[in-house]
Amino acid sequence: MTIDALLLLALKGALVAAVPLAYVRYSRDPHKFRKLAWVTAFLTLDLIMFGSFTRLTDSGLGCPDWPGCYGHSNPLSANEPIRAAESALPSGPVTMTKAWIEMAHRYFAMGVGLLIIILAVQSWTRWRREGGRSPWLATGALAWVIAQGAFGALTVTMKLQPAIVTIHLLGGVGLLALLVWLALREGEVVHVRAPGSAARLAVFALAVVVLQIALGGWVSTNYAVMACPDFPLCQGQVVPTMDFAHAFTLWRPLGMTGDGAAIPFQALVAIHWTHRVFAIVVILVLGALLWQVWSAPGLKGPARAILVLLLLQFATGMSNVVLQWPLLLAVAHSGGAALLVALLVVVTYRLRAGR
């Protein structure tokens, strides 16, 4: 890309960030830093969902280079190469619509990245002037978003390799968790009373949900959603014929085994079946956590929100199979998983900070 194209690309990211910055600047909330942290966390959740939309519409290679689109800052300027690719393959991966979806995702990501840079700078500025809270958490979020950008580039340059795309998804969820923790740290401590084991169980529940998100990402990136088109059975059986060896060979191209052959259908069945069965583990672990914190002061709201979200996750996950993967429900399922992580971070933080 030319310097001019890079500058135009950066300007688009700045314009995206300008709207939430103006909202925070002119809000009546006196705690501007905390407000910005929560707004950035909310936009990160939206970005995760938009990334899911990009993946589910097969738009991840809508612009097959990075960070621009055929060396330009927007698809309109790259009209000629995009139309040529679309004429050669009308269904994609490169079409004008998919190019705009992919570039919109990149503009959005740059805007969130700029907000995190501002959070990091403000953290250090406040610490030098006033002392108090360490700026390293915001700095860690900045380092994390830079790594996310690198994996975003690898997602394109390595042609949607499942391991890279799944790590990119987990990176987005991890960034959301960091930002929620940063925002919570800026608020008042909420005092809670819960069993001593609840804090450890909350951390364990958070790890279990993240693992389930990784399995869900593996299902999505391997296009294994419809490998089990029936529910609650899979291929008409409780335990169908499966190929776990090829299913969980992590480093391999999309649609292929580690040896370069086409991935067997039984491997896709194994990927889907594992995600479905592990959902039972998630339900049991979250059920145990909710049992401990359901009536705890300071945790009633998050606990009830987790229960509602868990039920919605079950409904959208089941609907993805029964209704054959409708786009809206698939995006909602991804967003619900990320929101579940955010709520578990709230519970974990309050259990640890509010004693």
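This is a predicted model: local features need pLDDT of at least 70, side-chain atom pairs count only at pLDDT 80 or more; totals for chains, interfaces and linings use all residues.
1. Residues are numbered from 1 along each chain as its sequence is written, and side-chain values use heavy atoms, with hydrogens and water left out.

2. Helix α5 (residues 136-157) packs with helix α6 (residues 162-185) at an angle of about 160°, their axes being 9 Å apart; the helices are DSSP runs (H or I, at least four residues), numbered from the N terminus, and the axes are lines fitted to C-alpha atoms over the stretch in contact, with angles from 0 to 180 degrees between N-to-C directions. That makes α5 roughly antiparallel to α6, a term used for angles over 145 degrees. The contact of α5 with α6 has, by class, 15 nonpolar, eight polar and one charged residues, where Ala, Val, Leu, Ile, Met, Phe, Trp, Tyr, Cys and Pro count as nonpolar, Asp, Glu, Lys and Arg as charged, and the others, Gly among them, as polar.

3. In the loop between α5 and α6 lies L160, whose phi is near 60°, a positive value in a residue other than glycine. At 18% relative accessibility L160 counts as buried; buried means under 20% relative accessible area, exposed over 50%, and partly exposed in between, for a 1.4 Å probe and protein chains only.

4. α7 and helix α9 (residues 265-293) also form a packed pair, with an angle of about 160° and axes 9 Å apart, and they are therefore roughly antiparallel to each other. By class, the contact of α7 with α9 has 21 nonpolar, seven polar and no charged residues.

5. The count of aromatic pairs comes to eight, where rings of Phe, Tyr and Trp (its six-membered ring) pair if their centres lie within 6.5 Å, and planes under 30 degrees apart count as stacked, over 60 as edge-to-face and the rest as tilted. W181 and Y349 form an edge-to-face pair, at 4.9 Å centre to centre and 85° between the planes. This pair links distant parts of the chain, with W181 in helix α6 and Y349 in helix α11 (residues 327-353), 168 residues apart. W181, at 29% relative accessibility, counts as partly exposed, whereas Y349, at 11%, counts as buried.

6. A further edge-to-face pair is formed by F231 and F314, at 6.1 Å centre to centre and 70° between the planes. F231 is in the loop between α7 (197-221) and α8 (244-247) and F314 is in helix α10 (residues 300-322), 83 residues apart. F231 counts as partly exposed at 34% relative accessibility, and F314 counts as partly exposed at 47%.

7. Q235 has a positive phi of about 55° although it is not a glycine, and at 35% relative accessibility Q235 counts as partly exposed.

8. Finally, R304 lies over the face of W294, at 4.2 Å from the ring centre, and the charged end of R25 sits over the ring of Y26, 5.3 Å from its centre; the rule asks for NZ of Lys or CZ of Arg within 6 Å of the ring centre and within 35 degrees of the ring normal.

Notes:
Helices (H or I, at least four residues) and strands (E, at least two) are DSSP runs, numbered from the N terminus. Angles under 35 degrees count as roughly parallel, over 145 as roughly antiparallel, 65 to 115 as roughly perpendicular and the rest as oblique.
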